[in-house]
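Here is a colleague's note for someone opening this model for the first time. Please read the points with the structure in view.

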Amino acid sequence: MTVPEKRLLHAAYVAPMTAPLLRDAGVVIRNGTIIDVGNTATVRARHPDAGVEDLGNVVLMPGLVNAHTHLELSDCMPLQTLGGATFTDWILQIRPRLRVGERTIEDAAVAGIAQGVRQCVRFGVTTVGDISQQHHVTRPLLRDGPLRVVSYGEALGLGGARPRFERHVETATDTSLASDRLRIGLSPHAPYTVDLPGYRQCLDLARSLGLPLATHLAETLDEETFLTAQTGPFRAVWEQLGSWADGVETHPGRPISFAHSIGLLNHPTLLAHVNYCDDSELALLARGRASVVYCPRTHAYFGHPPHRWGEMLAVGINVALGTDSCASSPDLNILDDLRLVHRIAPDIPMDALWKMVTVNGAKAVEMDDTIGSLKVDRAADLVSFQVHSDDPLTEIAENEVLPHTVWIDGRRYSAYEMSSREER
């Protein structure tokens, strides 16, 4: 059957995310791009040559954005409770949980990408901000895959491991594998794995090359101890790995002030986690251009104090949601992270909640001119959910509902078909 060049997808509800919910509405797509959105009768009159696909009693919305994840860790052994273990204990257990030894880290990344992509489509995610240490493995796999990906090549190494950082930066900024679906970005990992000159180098490269930039920030209280005195659990890990060397520059302040001091907050940097933020730091973030990605289930797993995401939104900070990885979350179901946020703060307006996985997520990964809303000239990345009420967004947020269909660049995927064989 030939698919018409121009198609009108008719739905009971359309949620553009930058405009009010539409009833009995449609989205017209052509060559992978949205060319009209509105009342069905109106758009049919404007496009009489469009093939019509009646989706039935569904809500149609932009494809979801998982702004912070690590796809290559998706084939990790199941998550266990910490049981008194520390964050650094968890870090040191990642490689064993990936079964490195039985297989190479590269083989684990290949398996992780396959599982991660399936999960994303199954859960309605069409775009990811993917942190990748094994980017030489992951980027060839993602280049022509179904997902739209910003691949933040991860660079880390300080002290005795500083040469490793330089090698990572060189390969992370290689744009030769960029494609319509794959955008190359850069990620200095975190303040406990990258020194101040390394951060400045990454920021300069992001600006000069036009690369999206991401980093983990204020993820744990131990970051401050390491920044200010080069002591604490992170110093112990570097020593355990045999990579510590004296002379790493210190910073007299907390991670967010550190980020401010080197210009990260005046750049559209994606800041993953930001679990610890006082009032003065909230003001710094509000004056800057950086986005915060809150990972609710990972945050809960580590038992951090309540996240200030609601206050961040209230002062104009762009806050998106992410799943983090399967090393710290049960799966990549961004819908369950959204549902957790709704349970934590049921008074937050539903449109603000959903923007955290659409509009805000698109802005966080620097793709809001392409994705995140149903508007003319945006990519035809969409997801539909079967619904039974006249408040479909609340219905999805309060029930264990999975997407029915996903479109990426106008190509249709059945979300159920993307389940792994083990889940069938």
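**Notes on the predicted model**

1. Strand E2 (residues 22-30) runs antiparallel to E3, and the two pair over 6 bridges. This is a predicted model, so treat each value below as computed from it. Val28 has Asp36 in E3 as its bridge partner. The hairpin of E2 and E3 has 2 residues between the strands, and Asn31 there takes a positive phi near 50 degrees. E3 is mostly covered, with 5 of its 7 residues buried.

2. Stay with Asp36. Its side chain meets that of Arg46 in a salt bridge, 2.8 Å from N to O. What does this pair tie together? Asp36 counts as buried because its relative accessibility is 8%, under the 20% cut-off. Arg46 counts as partly exposed, at 47% relative accessibility.

3. Now a salt bridge between loops. Asp75 pairs with Arg103, and their closest N and O atoms are 2.7 Å apart. Asp75 belongs to the loop between strand E6 (64-69) and helix H2 (87-97), while Arg103 belongs to the loop between H2 and helix H3 (105-122), so the pair links parts 28 residues apart in sequence. Are these residues buried or exposed? Asp75 is buried, and Arg103 is buried too.

4. The side chains of Glu166 and Arg162 meet at 2.6 Å, N to O. Both residues lie in helix H5 (residues 162-172), 4 residues apart, which is about one turn of the helix. Arg162 counts as buried at 18% relative accessibility. Glu166, at 34%, counts as partly exposed.

5. Salt bridges also join up. Arg148, Arg181, Asp381 and Asp409 are linked in a network of them. Look at Arg181 within that group. Arg181 lies in the loop between H5 and strand E9 (182-188). Its relative accessibility is 15%, so Arg181 counts as buried. The C-alpha atoms of Arg181 and Tyr152 are separated by 14 Å, and the two residues are 29 apart along the chain. How many salt bridges are there by this rule? The count comes to 22. Side chains of opposite charge can pair when their charged atoms come close.

6. Turn to the open sheet. Its 4 strands follow the order E10-E11-E12-E13, and the pairing is parallel. Which strands form the edges? They are strand E10 (214-217) and strand E13 (318-321), and each pairs on one side only. From one strand to the next, the twist averages 30 degrees. Strand E12 (residues 291-294) and E13 pair in the parallel sense over 4 bridges. Within that pairing, Tyr294 has Leu321 of E13 as its bridge partner. Strands of a sheet pair through backbone hydrogen bonds, either parallel or antiparallel.

7. Then the largest pocket. It holds about 840 Å³ of space. Of its 32 lining residues, Ile91, Ile94, Gln133, Leu156 and His189 are the closest to its centre. Which elements give two or more residues to the lining of this pocket? They are H2, H3 and helix H8 (233-240). H2 supplies the largest share, 7 residues. By type, the lining of the largest pocket divides into 18 nonpolar, 8 polar and 6 charged residues.

8. Rolling a probe the size of a water molecule over the atoms shows where empty space is left. A search of the whole structure finds 3 cavities of 30 Å³ or more. How much space lies in the largest cavity? It holds about 60 Å³. Its lining includes Leu158, Pro191, Val194, Asp195 and Leu196. Phe226, Leu227, Gln230, Val248, Glu249 and Thr250 are also part of that lining. The residues lining the largest cavity divide into 7 nonpolar, 2 polar and 2 charged.

Technical notes: Residues are numbered from 1 along each chain as its sequence is written. This is a predicted model: local features need pLDDT of at least 70, side-chain atom pairs count only at pLDDT 80 or more; totals for chains, interfaces and linings use all residues. Side-chain values use heavy atoms; hydrogens and water are left out. Two strands pair if DSSP finds at least two bridges between them. Axes are lines fitted to C-alpha atoms, for helices over the stretch in contact, and angles run from 0 to 180 degrees between N-to-C directions. On a 1 Å grid over the protein atoms alone, a cavity is a set of points where a 1.4 Å probe fits but cannot get out, and a pocket is an open set with protein on both sides within 12 Å along at least five of seven lines; lining residues have an atom within 4 Å of a point. Grid points are joined across faces, edges and corners, and a volume is the space filled by probe spheres set on the points. Ala, Val, Leu, Ile, Met, Phe, Trp, Tyr, Cys and Pro count as nonpolar, Asp, Glu, Lys and Arg as charged, and the others, Gly among them, as polar. A salt bridge is a side-chain nitrogen of Lys or Arg within 4 Å of a carboxyl oxygen of Asp or Glu. Buried means under 20% relative accessible area, exposed over 50%, partly exposed in between (1.4 Å probe, protein chains only).
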